[in-house]
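Let's walk through this fold from the inside out. Have the viewer open and follow along.

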Amino acid sequence: MRLMPLAAIASIVLLAACTAPDQNKDAAAPPPAEVAPAAGADAGSPPATDPAARPSAKIGADQVGKLSPVPAFKGFGEHWSIDIQSTGEMNHKVDLTWGSGGEKASGTARYNGQPADAPSTLIVLSGELNTKDGAKPMTIEISRKECIDDGDNKHMQSVAVHVDGMDKFDGGCGDLAVY
């Protein structure tokens, strides 16, 4: 009768030895060095490997007024699409396609800050679109409100594009990249 418990204990010890990490391999490796703080970083701040130190979807206080709230945006509506890429500071490159892809134009837009009379959920970019008929003033309005496209897909922003002399590109949905 003593053999049965002894065999069970030996099996558990053998199983534990097989699943335990190789202590010799770990002992040969040097201990991990602490991550040095980045240049200009606070010595009291957590190291970069700390989950609390990971980048968040917020810009720093020193970047307010220097960075546009639109680092990148892709939006679309019925028979049109827009692609916006920040080119630095408050400026953006804009590509607009309409007519089911038959017409394309590029331009530039700038974020000039929050309009005084606009809700805080609205981002407005102003600029010019270089069409085949010449440069035309353009305004892009991105609203931070949920939008459902024709395929029942949910997007976190809606978009409208106004170009002088052209039909309004309205009722679009899109996705804004975050910092």
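The largest nonpolar core has 23 residues, and those touching the most other members are Ile82, Ile84, Leu96, Ile140 and Val161. Here a nonpolar core is a set of buried Ala, Val, Leu, Ile, Met, Phe, Trp, Tyr and Cys residues joined through side-chain atoms within 4.5 Å; buried means under 20% relative accessible area, with a 1.4 Å probe and protein chains only. Two or more core residues come from each of β2, β3 (91-98), β4 (103-111), β5 (122-131), β6 (134-143), β9 (157-163) and β10 (169-176). In general, nonpolar side chains tend to be buried together in soluble globular proteins.

Before going further, a word on provenance: this is a predicted model, where local features need pLDDT of at least 70 and side-chain atom pairs count only at pLDDT 80 or more, while totals for chains, interfaces and linings use all residues. Residues are numbered from 1 along each chain as its sequence is written, and side-chain values use heavy atoms, leaving out hydrogens and water.

Now zoom in on Ile140. Leaving aside residues up to four places away in sequence, Ile140 touches Ile82, Ile84, Val94, Ala109, Ile123, Val124, Leu125, Val159, Ala160 and Val161, a contact being heavy atoms within 4.5 Å.

Two strands count as paired if DSSP finds at least two bridges between them. For a close-up, take β1 (residues 72-77) and β2 (residues 80-88), which run antiparallel and are joined by six bridges; Lys74 sits opposite Asp83 in β2. Overall, the chain has two helices and ten strands, these being DSSP runs of H or I with at least four residues and of E with at least two, numbered from the N terminus.

Finally, look for the aromatics. Trp80, Trp98 and Phe169 form one cluster, where rings pair if their centres lie within 6.5 Å, using the six-membered ring for Trp; planes under 30 degrees apart are stacked, over 60 edge-to-face, and the rest tilted. Trp80 and Phe169 make a tilted pair, 5.7 Å centre to centre with 55° between the planes. This pair links β2 to β10, 89 residues apart. The ring centres of Trp98 and Phe169 are 5.9 Å apart and their planes at 55°, so this pair is tilted. Trp98 lies in β3 and Phe169 in β10, so the pair ties together parts 71 residues apart in sequence.

Definitions and conventions. Buried < 20%, exposed > 50% of the residue type's maximum accessible area, 1.4 Å probe, protein only.
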